[in-house]
Amino acid sequence: MKTMAVMQRELQENLRNYKTAFLLMFIFGAILMALYTEVGPTANSKNVLDPFFELFAVLCPMIGILAAMDAVVGEKEKGTMELVLSKPLPRRSLLLGKFWAYVIMIVPLLVAELIAAYFWAQASGISQYRWQLPMPPFSQWMTLVAIVTCVTMLFLAVTTLISMFAPTTATTALCALVFMAPAHPLGGEFLRQVGLRLHIDSFAGLPVIVKFFLSVFSKYQKYALTIPGDARLTCVSLLIMTFIVLLIASLVFERQNVAFKN
Amino acid sequence: MSDFAVDVKGLTKCYGSLKAVDNVSFQVEKGRSFGLLGLNGAGKTTTFKMMVSLIRPDRGTAIVSGYDVVKAPMAVRSHIGYVAENPAFYTRMTTLETLRYICRLLDVPVNDQSQRIDYVLGLVGLMDKKHALVGGYSRGMRHRLGLAQALLSEPQVLFLDEPTLGLDPLGAKNMRELILRLRQEREVTVLMSSHVLPEVEAICDTVGIFDHGHLVAIDTINNLRSATSYDLNIELSLVGPVQQVASALRKIRGVSRVEEIGDHLFITASKQEELRPRIMQEAIENNAQVLSFGLQESSLEDILLRLVKSDVSDLPEQRSGIISSFFRLTRKSIR
């Protein structure tokens, strides 16, 4: 009940301070970038999923960071943390309320805009005249939507966790971006090196537990796009990781000696 | 059931090597009012925040409204009202939305919410601002809204941290009258910390004086006044040979200071002996007419300054977390 109250207030605030509108524009801009810039498919691409996924693997964490960067620290900066924590509100309810508000704010926008992008790309014939590649089936496109949504949710949780420790909203964003920026190329290189040393040249046939941990790597996510079983596993793994990050955040926040603005 | 609204035992809080609050114990009876006094960084606000369960004490405990702040912080928060030093609100919400949100956090039944909100808004005089955005509020209005949100829980104990800080004289007077009215009408126990000592004198029955994290004195203001003051301060208004009277008074044993300002003499005399008749007699014997004879009592400020050892700098900035620690460390190493 109290989680719901926090969630509604957060949604109301984000609608009024134009954060939702800004994120809507950001996602829209990202889609335009994917469709109309020179970021193209690689030599062995079978359809246009590749350029979209490459771009969204980088942009979705950024969307998560932008949405949640003021989750906890924003309340401290505004001085409202003292107001809410002096009420019988469990700290986990505060965190969960905020997290769900961000999910409700982001996920419909992301899903709706990506679906719109699919139909626009098909109707305008852009995939053919720019890249001479067909559009993927809608089900495969929805797999991409599901995976990038789960990645965004994971980053919402990670940024919420970081915002508990950072002194300012800007520092939260900076720390989260520092964490995210090298993750994409380094993750790919790490998997390549491990594969070389262990003589593994394909993700197929790896045990489920290994795939669970692999699901945070965009290289594996890209592979999972075309294999329904792996796509499902990736989504479930990312959601479990989101839950674990939120659980850790709740436990830490319950014990944290919060510093107040006064 | 205990007669105490607040029962603090051995409360201690350390920030690194600094003992912000050291083994503080006191009790406040139900319906009474208690003032926490001290210089900046003396430990008042930390004690306050431990009592409202915003900060966890390192040692000791406090029972507030019958609930332990360490074992049952949620129950404590349900039964108290707390107004922070600088009440902050969500600037893009209206007064009504803010108070509805607080009602939901307090588990106020939906059917009672409107009635309770109207009551507190009427009490603090913000009824006409019900649909105004809080972002446009003046400091005084934010203080009043702070008090309104604190009253939504129908508290048995009200914690007011510097309730008139930054208010203009009229705003401060209104706030003071409101607190006194609450005490009288609803028998709320009031705990307040303030630097405005006349305000504490007007509102509080008992005061506790903090110094370097210790509670150095706790008593009624009158008792503290008599315990800490060893001298009488007398103001004498005369017509006649003022200088001659002053010289005669200086010769009296027990008179430590005689200051002449116009027709007035300001005399400091020992409390040990009754010197007032003798002073009057000297004035009359020196052919002076006494127009008035006034006794100046020690103010709360005198008492406070006599009891605290020295000035205390503010507590170092406390921030939580490893990321903050990293940035602090970097700043230190740059210096």
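Two residues are in contact when their C-beta atoms, placed from the backbone, lie within 7 Å. Everything below comes from a predicted model, where local features need pLDDT of at least 70, side-chain atom pairs count only at pLDDT 80 or more, and totals for chains, interfaces and linings use all residues. Residues are numbered from 1 along each chain as its sequence is written, while chains are lettered from A in the order in which they are written.

**View 1. Meet B:Phe159 and its neighbours.** Leaving out residues up to four places away in sequence, B:Phe159 touches B:Phe48, B:Met51, B:Val52, B:Ile80, B:Gly81, B:Tyr82 and B:Leu191.

**View 2. Here is the largest nonpolar core.** Such a core is a set of buried Ala, Val, Leu, Ile, Met, Phe, Trp, Tyr and Cys residues joined through C-beta atoms within 7 Å; buried means that 20 or more other C-beta atoms lie within 10 Å of a residue's own. This core has 145 residues, and A:Ala157, B:Met51 and B:Phe159 have the most contacts inside it. Its largest share, 15 residues, comes from H8(A).

**View 3. Now follow helix H13 of chain A, residues 228-255.** Helices are DSSP runs (H or I, at least four residues), numbered from the N terminus. The 28 residues of H13 should span 40 Å at 1.5 Å a residue, and the end C-alpha atoms are 41 Å apart, which agrees. The expected span is 1.5 Å times one less than the number of residues. Among the buried residues of H13(A) are A:Asp230, A:Leu238 and A:Val245. Their cover includes helix H6 (91-124) and helix H8 (138-163) of chain A.

**View 4. Finally, see where chain B meets chain A.** Here 29 residues of chain B are in contact with 29 residues of chain A.

How values were computed:
Helices (H or I, at least four residues) and strands (E, at least two) are DSSP runs, numbered from the N terminus. A residue is buried if 20 or more other C-beta atoms lie within 10 Å of its own, exposed if 12 or fewer, and partly exposed in between; C-beta atoms are placed from the backbone.
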